[in-house]
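Reader: I'm new to this one. Can you show it to me and then take a few questions?

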Amino acid sequence: MDRIAKTLVLFPVSGMASIIPSFFVYGEPDRPLDIGFLHVETVMARRNVHLGEVKAHKHDGMSQVTFWTGGSGSYFVEDQRLDFSAPAVSFVPSGVVHGFSVEPLGSDAIVMSIADSLLPSIAGQTTLVMDRPVMISGQGPVQIWERLEQVMRLIAEEYMEGMAGAAKVIPSLAAVALTQIGRLASDAPILPQSPQRLLASAFRLLIDRRFRENWPIEHYVSALNTTPHLLAKASEAIFGLGVKDMIVERRLLEAKRLLLFTVRPLEDIAYEIGLKDAAYFSRFFRARTGMPPSEWRAQHLFREHSL
């Protein structure tokens, strides 16, 4: 099968709102995501919402894989556009502005949304670099496209059928799909990223390494060689959170992971996430979730075992 590699070109987004909306999935208000959240659906499942034209938007707490199984159109990520015909695929990290325009008849795609809290466990099983957007159409070996389509369709089937064990199987399949995308992307042009996005991404990586040490904001500003204003602006624009909130949310995420996936006592968890004692940890956790950590753990463990 012959494929002609498509060219990335500048795509001026006309009529863009002054504030780019952040959605849960397209058309639905943003919401907190459970630890390990993963969602799969087709683009045309929301046809009545977008009619083939998904306007510029972003997802502050999850990344997305969009695998086009049919049709053609234009897909944009930030200021880059790819005119494509299926099969085509994109990987968009959280906070990246994207959208598309396709003919409603004959066009469809499988969309897999992965919460940022689940990505680290998947990242260890895939070769795809997941801190930058990727768009691919018309390049790479046919057998890899076929393999990617098989995996994406299997992911969709597992998700829709909801059989026992699906919640454990799908993340592993997602890692396989991302690896196929990485193979296809090895010869693809690297999408340029705005200075604001590069700063926000570097900030999030630095939080991952330093949040336990209770760094003051000045340390982050100095380490990133920026200013408090630029860092705050980048954090708000890309992730929809202020600088302090980014650090707090990362600490809260780690606490939830430890509560859900370990049997460590609250004292150990408090120390692990950089808080001084269990009592302070309980107040911190309850203020942000509405319940004490022990109750949250019991409730969510019950939910996990009941799936």
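This is a predicted model: local features need pLDDT of at least 70, side-chain atom pairs count only at pLDDT 80 or more; totals for chains, interfaces and linings use all residues.

Reader: Fine. Which residues does helix α7 cover, and how many is that?

Author: Helix α7 covers residues 228-239, twelve residues. From its first C-alpha to its last it reaches 16 Å, close to the 16 Å expected at 1.5 Å a residue.

Reader: Which residues of α7 are buried?

Author: They are L231, A234, S235, I238 and F239. Seen down the axis of α7, these buried residues fall within an arc of 100°, so they line one face of the helix.

Reader: Different topic. Where is S113?

Author: S113 is in strand β9, which runs over residues 108-115.

Reader: Is S113 buried or exposed?

Author: S113 is buried: its relative accessible area is 1%, and the cut-off for buried is under 20%.

Reader: What does S113 touch?

Author: Leaving out residues up to four places away in sequence, S113 touches V25, F37, L38, H39, M62, S63 and Q64. With Q64 there is also a polar contact, side chain to side chain, at 2.8 Å.

Reader: How many residues apart along the chain are S113 and V65?

Author: They are 48 residues apart along the chain, while their C-alpha atoms are separated by 6.5 Å.

Conventions:
Residues are numbered from 1 along each chain as its sequence is written. Side-chain values use heavy atoms; hydrogens and water are left out. Helices (H or I, at least four residues) and strands (E, at least two) are DSSP runs, numbered from the N terminus. The expected span of a helix is 1.5 Å times one less than its number of residues. Buried means under 20% relative accessible area, exposed over 50%, partly exposed in between (1.4 Å probe, protein chains only). The arc is that of the directions from the helix axis to the C-beta atoms. Contact means heavy atoms within 4.5 Å. A polar contact is a pair of N or O atoms within 3.5 Å; within protein, one must be able to donate a hydrogen and the other to accept it, and residues adjacent in sequence count only if both atoms are side-chain atoms.
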